[in-house]
Amino acid sequence: MWLAICVAGLLFPATATGQAYRPEVMSLNCGEETTYEVFFKWGILMPRAGEATLSFDRTGDEARRYRLCFATTRFFDAVYRMRDTLDCYYAPDGRLLSAVKYSDEGGYLLTDELTFSCAGERTAIHSRRYTPTNTKIDTTLVSPSGHVFDMFGMVFYLRTLDCSSLRRDDCVNARVAIGRDLVNIVCRYGGRATVERDRRKYRTHHFTVEIRDEAFEQSKSATEIWIGDDENHLPIKIRSKLKIGAAEIYCKSARNLKGPIECVQ
């Protein structure tokens, strides 16, 4: 479950809702598709746990859809099989309309649906969770102000920030809707950093996502995210702490980006 939250919630994003948020820069291109490799790190061991494909396109009604498809490797299938699809739908102006997660984890089928609506600074989120035979959650969450995300969460938001205007330790406070709860998080800018992978070096902007909630055991620096320092603002690496070990996620390939990947040194 924690690997699912890491991949689905913190690697692959949704934008904030409410009147306060609009993209500072739009780094995504319709038709973009990126592949990521997911590794489970435990001490000196670091087996490949799965692969994820992230895409951004238009739907028939001119909404934008950000989609993640994730599958574990054959090795991890024997331990805990996951086949998840996540969809986020946006209005043309960048407002998050809805988010849906379809999970097939070890043969257990589960759907999570979040529908967002805003009035002034207030955001209401209709949260529904169900299996093919049972409704587990059907409730409405209300945030009186501030940024509100789903667990498909922070990375899209980070990709739309103008990093040139940020200073080290600048923070953004937000809430994430999870089931019946609104969880407090803090996103902190750590400055520029270099990521080395497959004999390449990438110029990046480093962020940490801190979860400030009693329901989560990790309260600080639960996740680190490295965003490429070029016009694509592509996530290059994500590292998220788990109950045992950590998940590390690396960009493997990309196509139909807004521009060339110029953050490679």
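**Cysteines, strand pairing and aromatic contacts**

Cys118 is partly exposed, with a relative accessible area of 42% (buried means under 20%, exposed over 50% and partly exposed in between, with a 1.4 Å probe and protein chains only). The model is predicted, so that local features need pLDDT of at least 70 and side-chain atom pairs pLDDT 80 or more, whereas totals for chains, interfaces and linings use all residues. Residues are numbered from 1 along each chain as its sequence is written, and side-chain values use heavy atoms, without hydrogens and water.

Among the strands (DSSP runs of E, at least two residues; helices are runs of H or I, at least four; both are numbered from the N terminus), β12 covers residues 200-211 and is mostly covered, with 9 of its 12 residues buried. Strand β12 pairs (at least two DSSP bridges) with β11, residues 181-197, in the antiparallel sense, and 12 bridges connect them. One contact between these strands brings Ala193 together with its bridge partner in β12, Thr204. The strands β11 and β12 form a hairpin that leaves 2 residues between them, and in the turn Asp198 has a positive phi of about 50°. Strand β12 is also joined by 6 bridges to β13, residues 223-228, and these two strands run antiparallel. Here Phe207 has Ile225, in β13, as its bridge partner.

The aromatic side chains were examined next. A pair of aromatic rings is described by the distance of the centres and the angle of the planes. With pairing defined for rings of Phe, Tyr and Trp (its six-membered ring) whose centres lie within 6.5 Å (planes under 30 degrees apart are stacked, over 60 edge-to-face, the rest tilted), the count comes to 5 aromatic pairs. One of them joins Phe39 and Tyr250, whose ring centres are 6.1 Å apart and whose planes stand at 70°, so the arrangement is edge-to-face. Because Phe39 lies in strand β1 and Tyr250 in strand β15 (residues 246-255), this pair ties together parts that are 211 residues apart in sequence. Phe39 and Tyr250 are both buried.

The rings of Phe40 and Phe76 likewise have their centres 6.4 Å apart and their planes at 75°, so this pair is edge-to-face. Distant parts of the chain are again linked, since Phe40 belongs to strand β1 and Phe76, 36 residues away, to helix α2 (residues 74-80). Phe40 is buried, with a relative accessible area of 17%, and Phe76 also counts as buried, at 12% relative accessibility.

The C-alpha atoms of Lys41 and Ala246 are 5.2 Å apart in space, although 205 residues separate the two in sequence. Trp42 has its place in the loop between β1 (33-41) and β2 (48-58), and, at a relative accessible area of 52%, Trp42 is exposed.
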